[in-house]
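Visitor: Please walk me through this model. I would like to hear what each label rests on.

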Amino acid sequence: VLAEKRSLGSRDGPPHLVAVVLLHGRAAARDSLRLLQSHDSAVVRADEGGAGGFALLCPRLKQRWRFVTAQAGDLHAVLDLAKVADSLLFILDPVDGWDSAGEHCLSCLFAQGLPSYALAVPGGTDLPPKKRIDARKKLSKSIEKRFPEAKLFPLNTEQESSLLLRHLSSQKQRHLAFRDRRAHLLARAAEFVPSQDSDLLGTLKVSGFVRGQTLNVNSLVHIVGHGDFQLSQVDAPPDPLSLNPRVVKAQKRSQDMEVQDDSGNGAAEMEEDVKVLMKADPSKQESLQSEVVPDPMEGEQTWPTEEELQEAEESLKANRRVVKVPKGTSKYQAAWIVDDGEEGSEKDDDDDEDDDMDDDLMEEAVSQEGESSEEEAGEEESETMTVSECLRDDQYDEKMEEDEQMLERYKQERMDEMFPDEVDTPRDVPARVRFQKYRGLKSFRTSPWDPKENLPRDYARIFQFQDFSRTRKNLFRQIEKEETEGASVGWYVTLHVCNVPVSVMESFKEGKPLVLFSLLPHEQKMSVLNFLVRRHPGNSEPVRAKEELIFHCGFRRFRASPLFSQHTSADKHKLERFLRPDAALVVTVYAPITFPPASVLLFKQRTNGMHDLIATGSLLSVDPDRIVIKRLVLSGHPFKIFTKTAVVRYMFFNREDVMWFKPVELRTKWGRRGHIKEPLGTHGHMKCHFDGQLKSQDTVLLNLYKRVFPKWTYDPHVPEPVPWVRSESALPEQEVEME
């Protein structure tokens, strides 16, 4: 612990990275940074790019810091900096603390994982001394909910800034698991070299200090918000933030690692102070392949065994009959000749077969419509939205249209709470056709369900581990024990990232942070990820399953349409149609593999571009075999009640449907169980037997089940959110109590 604390910000370790976060619109950021820069005997060096950060070198204290500031209201920049920062410096308002935008920012930071932090309060000197003390006490009491044991640091003089720097350098460091096991880097400088083929793609040279773990040139890197890329080489330029510039640190590196010379590319022409540490080895380099390319002709061909062939021959012998035929008749013609004794029964069988064929043709014709409308009418049956008929361009009418849609969503959520999974039996389509993909189960908990049965075509594109937990343990054990070759922690390096779009460099010039994470093996491959999340209390808007959401998972950002399911210890998990506010749910999506632990934040984009935080949680598992079951409940009402028998109506509307669903067990809302005995008439009435007498107000239910899979809507490009609208204070309740 002491070695870790001493290395951070020292000569041998990376500079102490401090991210400055403004929690109020009136917070004085410039004055605070100017005070920090005025530290005695300190050297200030500005960063490249448009972020406006700076480095603070203090040879007397043998410490060096790097301060970076996120743009006001830029949520992605704040979260990206918090992923790599050693400490966060929150700038508060001396009266209100933080406003609504600051509250939203704090909720996201706490859910993602908060590193070490400090609270600074600049200003407040214009108040009288007595009111200044009262305001400080009021502010200390109001922040206890978020920061129970935090200390407020005033930031108005150089002495107070020195105390704050001392606190930042000596406080205990908090660890974030997802970044401690991966090498990461915050760019201090960047250069884009276009390729010969196109100006839109090229090599991005990113310079910064290596943090977390040793960086290997053969591993992939993930640029946060832009995707996965390969490295071509790693250079070692001189350290621009050295405490003693006269000491050449490259001498020590050359002893630890052999410098690779490339005479073919003219290494002698390179600058004398830039060394090539490593070059990528194509035989050891990780591939960028994220999906399996399925072969439609590579189907599983099974040849019948000898026992099956022998059984088929025996069945043919048993069905053979001796018939007198004219001379020269073939076997095929003889099969159509019937005896006189069998003619009557054969005619009856032919009539039955004709009826069955007609029924099959009807079922096939309806099933084609049913299959096409299964996903639309079944899965999204209650997703119909009320849209105004007169489409006007007026902004007010557009708001009214959104209100109508939101009202419809609230109605659907309320109906799902009152009558979970219940649907109306269609009148125009037979129930046996409409629900042909569903099955009945004796017990949802104990009945078997094969996880490899009827998989979708998307499952041919993903990767699956034979034992994910064992792979994860072996990988983490290898990281802790084995030493990997590459750039060590604290080295200032330049990474040559291949085939990077020019938009990455443009965003860096705009002042947005450029953050790189090295990927562990297999983390570029697609699979099925399961997140355990809980609804954020600050959002009550209904969220349906398969709605597009924005995910912040560890160091990744992406968009996907998830499934919601219950979190249980069973092998089957019931689908939830809405994100419940009162229980933890499991969210299932197609996404790149990530090894837990990793935090996850779920956002929903408004029509105006703002991102609302709707749920927070963590990565549960990477498991395509997790079975998510959709349940449908058909309801009927008792018409005539006897001792243990009842006539039930309104569940089905024709006799054939009653016969089709006869094997499925019935239950009632009052706890009775039973089964269908026989249909009555031709309009769907049926006689049912139960284990006790029914009440007249009871409802008869029939459960049907089907396995569902998420939609392949993964998109790694997430639009930038519109800045949050700030209100004056986020602490109204405390102020009311004070009044």
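**Hairpins, sheets and helices**

Guide: Let us start with a hairpin. β29 and β30 form it, with 4 residues between them. Glycine 681 in the turn has a positive phi of about 75°. The model is predicted: local features need pLDDT of at least 70 and side-chain atom pairs 80 or more, while totals for chains, interfaces and linings use all residues. Numbering starts from 1 along each chain as its sequence is written, and side-chain values use heavy atoms, without hydrogens or water.

Visitor: What makes β29 and β30 a pair?

Guide: 6 bridges join β29 to strand β30 (residues 685-690), and the two run antiparallel. Pairing requires at least two bridges found by DSSP, so these strands qualify. Glycine 674 stands opposite phenylalanine 690 in β30.

Visitor: And how many bridges link β28 to β29?

Guide: There are 2, between residues 666-668 and residues 673-680, again antiparallel. Arginine 667 has arginine 673 in β29 as its bridge partner. The hairpin of β28 and β29 has 4 residues between the strands, and glycine 671 there takes a positive phi near 95°.

Visitor: Why are β9 and β14 called edge strands?

Guide: Their sheet is open, with 5 strands in the order β9-β10-β16-β13-β14 and antiparallel pairing. β9 and β14 (275-279) each have a single partner strand, so one side of each lacks a neighbour in the sheet. The twist averages 25° from one strand to the next. At the β14 end, strand β13 (residues 231-236) pairs with β14 over 4 bridges. Glutamine 233 faces lysine 279 there.

Visitor: Which strands stand at the edges of the 7-stranded sheet?

Guide: The order is β2-β3-β4-β1-β5-β6-β7, an open sheet with mixed pairing. β2 (43-46) and β7 (152-154) pair on one side only. Strand β6 (residues 116-121) and β7 run parallel, joined by 3 bridges. Alanine 120 stands opposite phenylalanine 153 in β7.

Visitor: How do you know that α3 packs on this sheet?

Guide: α3 touches β1 (16-22), β4 (63-69) and β5 (87-91), where contact means heavy atoms within 4.5 Å. The direction of α3 makes about 155° with that of β1. Helix α6 (residues 158-170) lies across β1, β3 (54-58), β4, β5, β6 and β7, at about 170° to β6. These angles run from 0 to 180 degrees between N-to-C directions of axes fitted to C-alpha atoms.

Visitor: How do α3 and α4 cross, left-handed or right-handed?

Guide: The crossing is right-handed: the near helix is turned clockwise from the far one by less than a right angle. The axes of α3 (residues 75-84) and α4 (residues 100-112) come within 10 Å and cross at roughly 35°. Leu75, Val78, Leu79, Ala82 and Lys83 in α3 meet His104, Cys105, Cys108, Leu109 and Gln112 in α4. These residues divide into 7 nonpolar, 2 polar and 1 charged.

Visitor: Why are the buried residues of α15 said to line one face?

Guide: Helix α15 (residues 502-509) buries Val504, Met505, Ser507 and Phe508; buried means under 20% relative accessible area with a 1.4 Å probe, protein chains only. Down the axis they fall within an arc of 160°, so they line one face of the helix. They pack against β9 (189-194), β10 (201-209), β11 (221-223) and β16 (492-501). Just after α15, glycine 511 takes a positive phi of about 105°.

Visitor: What share of the protein is buried?

Guide: Buried residues make up 44% of its 739 residues. The protein has 17 helices and 31 strands, taken as DSSP runs of at least four and at least two residues respectively.

Terms used. Buried means under 20% relative accessible area, exposed over 50%, partly exposed in between (1.4 Å probe, protein chains only). The arc is that of the directions from the helix axis to the C-beta atoms. Ala, Val, Leu, Ile, Met, Phe, Trp, Tyr, Cys and Pro count as nonpolar, Asp, Glu, Lys and Arg as charged, and the others, Gly among them, as polar.
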